[in-house]
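Please look at the sequence and the structure shown here, and then read the report that follows.

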Amino acid sequence: MSVGCHPWQSTQRAQLLRAQEIEMVEFRSTTANFSPAIIELNAAMRSGRLQHDGNPVLERCIGNVGCKPDRRGNLYPTKARPEQKIDAAVTLVMAIGRAMTEPEQFTSIFERAELWSAQPNAGAVAPTA
């Protein structure tokens, strides 16, 4: 398992996680990284493969995030107004992007139960059965 992190202002957090023997992998904020994960998240939400436990922060961030296509049609997360928060939604997209690149990945990440082992009501995202 690995954790994706953007190199900007994440050095201290990455060092703490590495000290706990968690692999940290650079995940830059580019359309090449975000677009496939956004497409997978959208498909999972629309098909009902993804639910969350009602965490108000994630719910608000998901409600605030939109997607802006670049000239090639790749998607990037955006917000309509500067005061809107989208951090939790972007973190979810980053986690999906990392899970999609794991070597043992052969099916949709939402069909892999071992990726969704957080306790209920802890702000975790869980797949539907």
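A search of the whole structure finds zero disulfides, where a disulfide is a pair of cysteine sulfur atoms within 2.5 Å. A disulfide is a covalent bond between the sulfur atoms of two cysteines. The model is a predicted one, in which local features need pLDDT of at least 70 and side-chain atom pairs count only at pLDDT 80 or more, while totals for chains, interfaces and linings use all residues. Residues are numbered from 1 along each chain as its sequence is written, and side-chain values use heavy atoms, with hydrogens and water left out.

The table lists relative accessible areas, for which buried means under 20%, exposed over 50% and partly exposed in between (1.4 Å probe, protein chains only).

| Residue | Relative accessible area | Class |
|---|---|---|
| Cys61 | 4% | buried |
| Cys67 | 42% | partly exposed |
| Leu75 | 21% | partly exposed |
| Arg98 | 14% | buried |

Leu75 lies in strand β5, which covers residues 75–79; helices (H or I, at least four residues) and strands (E, at least two) are DSSP runs, numbered from the N terminus. Not counting residues up to four places away in sequence, Leu75 touches several residues, including Phe34, Ile38 and Cys67, where contact means heavy atoms within 4.5 Å. Leu75 and Pro36 are 39 residues apart along the chain, and their C-alpha atoms are separated by 8.1 Å.

Arg98, for its part, is placed in helix α4, which covers residues 87–100. With residues up to four places away in sequence again left out, Arg98 touches Ser2, Val3, Gly4, Val25 and Phe27.
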